[in-house]
Amino acid sequence: MGESIGILSIKGGVGKTTTTVSLGAAIAQQGKNVLLIDGNFSAPNLGLHLGIVQPEVSLYDVLKGKANALGAIQETDYGFDIIGGRLNMKKIFYPDYLKLKQKIQHLKYHYDVILIDSSPTLDHETLAAMMASDKLLIVTTPDHATLSCTLHAVKVAKKKKVPIAGIILNRVYGKKFELSLEQIEKMTGVPVLAVIPHDVNILEALSELKPSTFESKETDAVVEYKKLAAFLIGESYEDKRFSTKLKNLFSSKVPKQEVNRQVEHKKHRIKHK
Ligand SMILES: Nc1ncnc2c1ncn2[C@@H]1O[C@H](COP(=O)(O)OP(=O)(O)OP(=O)(O)O)[C@@H](O)[C@H]1O
Ligand SMILES: [Mg+2]
């Protein structure tokens, strides 16, 4: 049986949808059956990142009881399937935010991994995505304003008893004025599992309506997404780039997010022995 992973942040524009499609394609490339669900009911745009404008059957129809979730699935050219949203879905969630969980539960028999993109607003739609997830990845950027939203997201997830797998630190420029990984971990108490640099290729991929990890140049951001994808399915991804090999010759320092992935991996193995 597969698992559902919510991609969350209570802040707009930090990279939830980008992460959902990039991770989706990377997990699919590593041989798993993957489904992406648009849980952003106020402004569904998962499909828009992939050139799918208005799905014939959407999540709206599923939640309204007009269609089965299996009937809303669309194939994409990127190795994964999606269930897209439709504008103005928001109101159907109030007050029953557990509906999403119930409606998609059976899909775990068909998919290894279900990624749920979510809305930046802290209301019933974010709660719907949160409660439909077996675990969460919280996306943040390295600035104080976003961190305060991230702290809030962590607090709500803990209150709702939804496990947080870790944090994805996105759009990192590597500047001194940015919050460091260590500061973010100290403030949130949650391990950072991936550090995705700001990468213009990600913007280019979006302009081409394809995931940044699909048949594209292996930039640091793409490799980091692939490593995170491998981690999520209990595998590891080897960075075979010449530039990395060269860098490793001069420095033996393992990035903290890499250490975190190894630690979490071991913990998981011990738990399932
Ligand atoms: N690592 C990155 N490098 C460069 N651009 C990025 C990166 N991550 C995201 N972006 C860009 O940032 C913009 C916002 O990303 P995205 O739509 O994924 O955010 P979001 O959190 O889903 O936003 P919303 O809350 O509005 O749904 C997009 O143009 C995307 O291409
Ligand atoms: Mg989005």
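**Strands, rings and salt bridges in a predicted model**

Mentor: Tyr78 and Phe214 are both buried. Please keep in mind that this is a predicted model.

Trainee: How are the rings of Tyr78 and Phe214 arranged?

Mentor: The two ring centres are 4.9 Å apart and the planes stand at 80°, so the pair of Tyr78 and Phe214 is edge-to-face. The cut-off for that class is an angle over 60 degrees.

Trainee: Where do Tyr78 and Phe214 lie along the chain?

Mentor: Tyr78 is in the loop between strand E3 (74–75) and strand E4 (81–83), while Phe214 is in the loop between helix H7 (200–207) and helix H8 (220–232). The pair therefore ties together parts that are 136 residues apart in sequence.

Trainee: How many aromatic pairs does the structure hold?

Mentor: It holds two aromatic pairs. Tyr78 also pairs with Phe80, in a tilted arrangement with 6.2 Å centre to centre and 40° between the planes.

Trainee: Is Phe80 buried or exposed?

Mentor: Phe80 counts as buried, at 0% relative accessibility. For Tyr78, which is buried as well, the relative accessible area is 14%.

Trainee: Turning to the strands, why is E1 described as largely enclosed?

Mentor: Strand E1 covers residues 3–8, and five of its six residues are buried, so the rest of the structure largely encloses it.

Trainee: Which strands pair with E1?

Mentor: Strand E5 (residues 113–118) pairs with E1 in the parallel sense over five bridges. Strand E6 (residues 135–140) also pairs with E1 in the parallel sense, over four bridges. Ile5 has a bridge partner in each of them: Leu115 in E5 and Lys135 in E6.

Trainee: Which side chain does Lys135 meet in a salt bridge?

Mentor: Lys135 meets Glu3, at 3.1 Å from N to O. Lys135 is in strand E6 and Glu3 in strand E1, so to speak distant parts of the chain, 132 residues apart, that the pair links. Lys135 counts as buried at 18% relative accessibility, whereas Glu3 is partly exposed at 26%.

Trainee: How many salt bridges are found in the whole structure?

Mentor: The search finds 12. One of them joins the side chains of Lys108 and Asp134, again at 3.1 Å from N to O. Lys108 lies in the loop between helix H3 (99–104) and E5, and Asp134 in the loop between helix H4 (124–131) and E6, 26 residues apart. Lys108 is buried, with a relative accessible area of 5%, and Asp134 is partly exposed at 31%.

Trainee: What about Arg261 and Glu258?

Mentor: Their side chains form a salt bridge of 3.5 Å, N to O. Both residues are in helix H10 (residues 256–271), three residues apart, which is about one turn of the helix. Through shared partners, salt bridges join Glu224, Lys227, Glu258 and Arg261 into one network.

Trainee: Back to the strands: which residues does Ile37 contact?

Mentor: Ile37 is in strand E2 (residues 34–39) and is buried, with a relative accessible area of 0%. Beyond its neighbours within four places in sequence, its contacts include Leu46, Leu59, Ile83, Ile104 and Leu115.

Trainee: Finally, which residues make the nonpolar surface patch?

Mentor: Phe242, Leu246, Leu249 and Phe250 make a patch of about 540 Å². Phe242 belongs to helix H9 (residues 242–250) and is exposed, with a relative accessible area of 63%.

Conventions:
Residues numbered from 1 in each chain as written. Chains lettered and ligands numbered in written order. Predicted model: local features only at pLDDT ≥ 70, side-chain atom pairs only at ≥ 80, totals over all residues. Heavy atoms only, no water. Buried < 20%, exposed > 50% of the residue type's maximum accessible area, 1.4 Å probe, protein only. Helix = DSSP H or I, 4+ residues; strand = E, 2+ residues; numbered from the N terminus. Pairing = 2+ DSSP bridges. Phe/Tyr/Trp six-rings, centres within 6.5 Å; stacked < 30°, edge-to-face > 60°. Contact = heavy atoms within 4.5 Å. Patch = residues over 30% accessible without salt bridge, like charges linked within 9 Å, V, L, I, M, F, W, Y side chains within 5 Å. Areas by Shrake-Rupley, 256 points an atom, 1.4 Å probe, with all protein chains shown as cover. Salt bridge = Lys/Arg side-chain N within 4 Å of Asp/Glu carboxyl O.
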